[in-house]
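Keep the sequence and the 3D view open as you read.

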Amino acid sequence: MRSREPLQFYSEPLPGVDVSELQGKLIVIEGPDAVGRSTQITLLHQWLEQEGHAVLDTGMARSALAGKGIKMAKEGNTLGPITMTLFYTTDFADRLENEIVPALRAGFVVLIDRYIFSIMARATARGENRRWIEQVAGFALKPHAVLYLRTEVEHLVSRVVLGRGAFDYWESGMDLRFGPDMYESFVRYQKKLIQALDTMVEPYEFTVIDASQPVPKIFRELQRQVSRLRLRRMPTARPPARKARG
Amino acid sequence: MSLFVPNRYRGKLIVVEGIDGSGKSTQLSLLSHWLRSQGFAVAFSEWNSSPLVRETTRRGKKKEMFTPTTFSLIHCTDFADRMESYILPLVKAGAIVCADRYSYTAFARDVARGVSRRWVRNLYRFAIHPNLAFYFRVPLDVALGRILGGRDAIKYYEAGMDLGLARDVEESFRIFQGRILDEYEAMAEEMGFHIIDATQSIEEQQRRMRDIVMSEIGDDPKNGILHAPEGGEFHAQPGTAPIL
């Protein structure tokens, strides 16, 4: 894992952002549904704060602008694949411009639960053009690290059944209409997502972490990877607020 | 790489473009009523009208949360929903879909807002290629006169107030619309717009539009477009979705 200085955009600079001002570190946790990303992010967040770093964590559909709209759109049955991709990209852009970039300017460690890669994987799993979505999401910053929690679909199934006890409509890709059975659909859809993420490992420099291991072991490996980024110790500061406009 | 997906279906897609106050909506309304009276199945789609996305756009505008990038993305999300659940299925089914504003609006407006031209053009690559794109060419002062004369207050983003072009709303609107007009003019030839002189009388503009539309549709009864049985008018009430 290399640390890039300064941060760069993939293909399209975001208007109004000077990358030389971005002091913080951008760390992305990627992986399929139910792989245990949020557990690990909670652990990493606590650990990094104990180490004296200011941490912002953010994830999909949490933007002030589009979070609510996405949740509402997913309640209906009319959300098409391109619309979904673009809605999530809007959500991502809003968080990037209003949360992630300001936090990086202030020297935070930004932990992101799923980045553009999940949006891209979902889009390609639904038959959309990979090149199209790569360019659409080209305004994303290249993270310092993309830690990919990888496992086989059988392991995801056991985590879903033992954990939540039920399959989710969208995590099962029911909109793809593989059939009426949620279990079979989950398996097919998650396999497609894992395949799509696997193809990104090399071009997007993912660090692959075996997520079939016990939680503490995965965490130790994540800690090791994050330590390699040589984070500076920063005095704890409050996250910068969304810019108020009058 | 081509800009749009070619329309290989039975139906037709007719779009109108132009700056605010160019009179395009009036003309499209006249055209669609006339096509309907000729027995064609006509559907209508307006910019920024997706029921899934509208609420997010409305909130973002009200709270002034948009940047050029998110403004561009949310409008494309709205467009995508209309494309996937409305325009495309209807064109496939053989309807004539009339769209008040299309991707070109984003190409002009978002670029005038500072978004990269290449990026916004890629964004809309899933759109189907219109059979006819009418561009209502109008001098800035004529359009501004129509808008500033009658309507309610100009809204924040319409005036491009987010760009800080001027402190006065009308002045900002003038500058911003001027930039959009420049973008339209710059792409007119490349995009194959049918240019309508929007300073002419309403009747003359409409006559030109109908001529162009008829030569596109042709009079072959087997052209595939959904049509009511001979002499009858297509049975649908204005205001009922999906076919008006």
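Helix 1 of chain B and helix 8 of chain B cross in a right-handed way. The model is predicted.

*Helix 1 and helix 8 of chain B*

- Helix 1 covers residues 24-37 of chain B, and helix 8 covers residues 202-217 of chain B.
- Their axes come within 10 Å and cross at roughly 50°.
- An angle from 35 to 65 degrees falls between roughly parallel and roughly perpendicular, so helix 1 of chain B and helix 8 of chain B are oblique to each other.
- Helix 1 of chain B brings B:Thr26, B:Gln27, B:Leu30, B:Leu31 and B:Trp34 to the contact.
- Helix 8 of chain B meets them with B:Ile202, B:Gln205, B:Gln206, B:Met209, B:Arg210 and B:Val213.
- By class, this contact between helix 1 and helix 8 of chain B has 6 nonpolar, 4 polar and 1 charged residues.

*Helix 6 and helix 7 of chain A*

- Helix 6 of chain A spans residues 153-163, and helix 7 of chain A spans residues 182-200.
- The two pack at an angle of about 125°, with their axes 10 Å apart.
- That angle makes helix 6 of chain A oblique to helix 7 of chain A.
- The crossing of helix 6 and helix 7 of chain A is right-handed.
- On the helix 6 side of chain A, the residues are A:Val153, A:Leu156 and A:Val157.
- On the helix 7 side of chain A, they are A:Phe186, A:Val187, A:Gln190, A:Lys191 and A:Ile194.
- Sorted by class, the contact of helix 6 with helix 7 of chain A has 6 nonpolar, 1 polar and 1 charged residues.

**The two chains**

*Chain A*

- Chain A has 8 helices and 5 strands.
- Read from the N terminus, its elements run β-α-β-α-α-β-α-α-β-α-α-β-α.
- The radius of gyration of chain A is 18 Å, close to the 18 Å that the globule rule gives for 246 residues, so chain A is as compact as a globular protein of that length.
- The C-alpha atoms of chain A fill a box of roughly 50 × 45 × 30 Å along the principal axes.
- Of the 246 residues in chain A, 43% are buried.
- Take the contacts in chain A between residues at least 6 apart in sequence: 79% of them join residues at least 24 apart.

*Chain B*

- Chain B contains 8 helices and 5 strands.
- From its N terminus on, the order is β-α-β-α-α-β-α-α-β-α-α-β-α.
- Chain B has a radius of gyration of 18 Å, close to the 18 Å that the globule rule gives for 244 residues, so chain B is as compact as a globular protein of that length.
- Along the principal axes, the C-alpha atoms of chain B fill a box of roughly 60 × 35 × 35 Å.
- Buried residues account for 44% of the 244 residues of chain B.
- Among contacts in chain B between residues at least 6 apart in sequence, 79% link residues at least 24 apart.

**Where the chains meet**

- In this contact, 27 residues of chain B touch 26 residues of chain A.
- Three elements of chain B give two or more residues each to its side: helix 2 (54-62), helix 3 (68-93) and helix 5 (117-123).
- Helix 3 of chain B gives the most, with 11 residues.
- The residues on the chain B side divide into 12 nonpolar, 10 polar and 5 charged.

Most residues other than glycine have a negative phi. Two loop residues are worth a look here.

- *A:Glu205.* Its phi is near 55°, a positive value in a residue other than glycine.
- A:Glu205 sits in the loop between helix 7 and strand 5 (206-210) of chain A.
- A:Glu205 has 14 C-beta neighbours inside 10 Å, so it counts as partly exposed.
- *B:Asn48.* This residue is not a glycine, yet its phi is positive, at about 65°.
- B:Asn48 lies in the loop between strand 2 (42-46) and helix 2 of chain B.
- B:Asn48 counts as partly exposed because it has 17 C-beta neighbours inside 10 Å.

Note on methods: Residues numbered from 1 in each chain as written. Chains lettered and ligands numbered in written order. Predicted model: local features only at pLDDT ≥ 70, side-chain atom pairs only at ≥ 80, totals over all residues. Helix = DSSP H or I, 4+ residues; strand = E, 2+ residues; numbered from the N terminus. Rg over C-alpha atoms; globule rule 2.2 N^0.38 Å. Buried ≥ 20, exposed ≤ 12 C-beta atoms within 10 Å, placed from the backbone. Contact = placed C-beta atoms within 7 Å. Axes fitted to C-alpha atoms, helices over the stretch in contact; angles between N-to-C directions. Parallel < 35°, antiparallel > 145°, perpendicular 65-115°, else oblique. Left-handed = near helix turned anticlockwise from the far one by under 90°. Nonpolar A, V, L, I, M, F, W, Y, C, P; charged D, E, K, R; others polar.
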